[in-house]
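Here are my notes for your first read of this model. Keep the structure open beside them and check each point as you go.

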Amino acid sequence: MADDNSFVSFVCVSCSQELEAPRDLIGQTVECPSCGARLVVMPPDDEQVANASSSQSQVDAMKSRTIRIELGDL
């Protein structure tokens, strides 16, 4: 399994599902596994980078709600 630093986190603009995708997919169009909406994987913005300093318990809680998009899912 890949290192979590090799993934970018983002939210589906259609259903607000939290998603993760490999950094290799930045700029590519993917399908939300929750609602099927097509969206472009964007690089993290400054706000997301600032929030990356969250406590481990906050990170663990977010991961329990996040769907990871793998390269094989395309």
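1. Start with Ser16. Is Ser16 buried or exposed? Ser16 is exposed, because its relative accessibility is 53% and the cut-off for exposed is over 50%. Find Ser16 in the loop between strand 1 and strand 2. Look at its backbone too. The phi of Ser16 is near 65°, which is a positive value in a residue other than glycine.

2. Keep in mind that this is a predicted model. The mean pLDDT of the protein chain is 77. A pLDDT of 70 or more is reached by 64% of the residues. Over residues 46-50 the pLDDT falls below 50. In the model, that stretch has four contacts beyond near neighbours in sequence. Where pLDDT is low, predicted coordinates should not be read in detail.

3. Now the overall layout. The protein chain has five strands and two helices. Read from the N terminus, the order of elements is β-β-β-β-α-α-β. Of the 74 residues in the chain, 26% are buried. The accessible surface comes to about 4900 Å², and carbon and sulfur atoms account for 49% of that surface.

4. Go back to the loop that holds Ser16. Strand 1 and strand 2 form a hairpin, with six residues between them. Strand 1 covers residues 7-11 and strand 2 covers residues 18-22. The two strands run antiparallel and are joined by five bridges. Trace two of the pairings yourself. Phe7 has Pro22 as its bridge partner in strand 2. Ser9 stands opposite Glu20.

5. Which strands make up the open sheet, and in what order? It has three strands, in the order 1-2-5, with mixed pairing. Strand 1 and strand 5 are the edge strands, and each pairs on one side only. Strand 5 spans residues 67-68. Strand 5 pairs with strand 2 in the parallel sense, over two bridges. In general, strands of a sheet pair through backbone hydrogen bonds, either parallel or antiparallel.

6. Five of its five residues are buried. Glu18, Glu20 and Pro22 point one way from the strand. Leu19 and Ala21 point the other way. Turn the model until you can tell these two sets apart.

7. Next, pick out Glu20 in strand 2. Why does Glu20 count as buried? Its relative accessibility is 7%, and buried means under 20%. Its neighbours come from two stretches of the chain. Leaving aside residues up to four places away in sequence, Glu20 touches Phe7, Val8, Ser9 and Phe10, and also Thr66, Ile67, Arg68 and Ile69. In strand 5, Arg68 stands opposite Glu20.

8. Then find the largest nonpolar core. How many residues does it have? The count is 12. The members are Val8, Phe10, Cys12, Leu19, Ala21, Leu25, Val30, Cys32, Ala37, Leu39, Val41 and Ile69. Strand 1 and strand 2 each supply at least two residues of this core. In soluble globular proteins, nonpolar side chains tend to be buried together.

9. Arg38 sits in strand 4, residues 38-40. Arg38 is exposed, because its relative accessible area is 56% and exposed means over 50%. Apart from residues up to four places away in sequence, Arg38 touches Thr29, Val30 and Glu31. Val30 is also one of the core residues. Between the C-alpha atoms of Arg38 and Val13 the distance is 9.4 Å, with 25 residues separating the two in sequence.

10. Finish with contacts across the whole chain. Take the contacts between residues at least 6 apart in sequence. Of these, 45% join residues at least 24 apart.

Terms used. Residues are numbered from 1 along each chain as its sequence is written. This is a predicted model: local features need pLDDT of at least 70, side-chain atom pairs count only at pLDDT 80 or more; totals for chains, interfaces and linings use all residues. Side-chain values use heavy atoms; hydrogens and water are left out. Two strands pair if DSSP finds at least two bridges between them. Helices (H or I, at least four residues) and strands (E, at least two) are DSSP runs, numbered from the N terminus. A nonpolar core is a set of buried Ala, Val, Leu, Ile, Met, Phe, Trp, Tyr and Cys residues joined through side-chain atoms within 4.5 Å. Buried means under 20% relative accessible area, exposed over 50%, partly exposed in between (1.4 Å probe, protein chains only). Contact means heavy atoms within 4.5 Å. Accessible areas come from the Shrake-Rupley method with a 1.4 Å probe; for residues, only the protein chains shown count as cover. pLDDT is the predictor's confidence in each residue, from 0 to 100.
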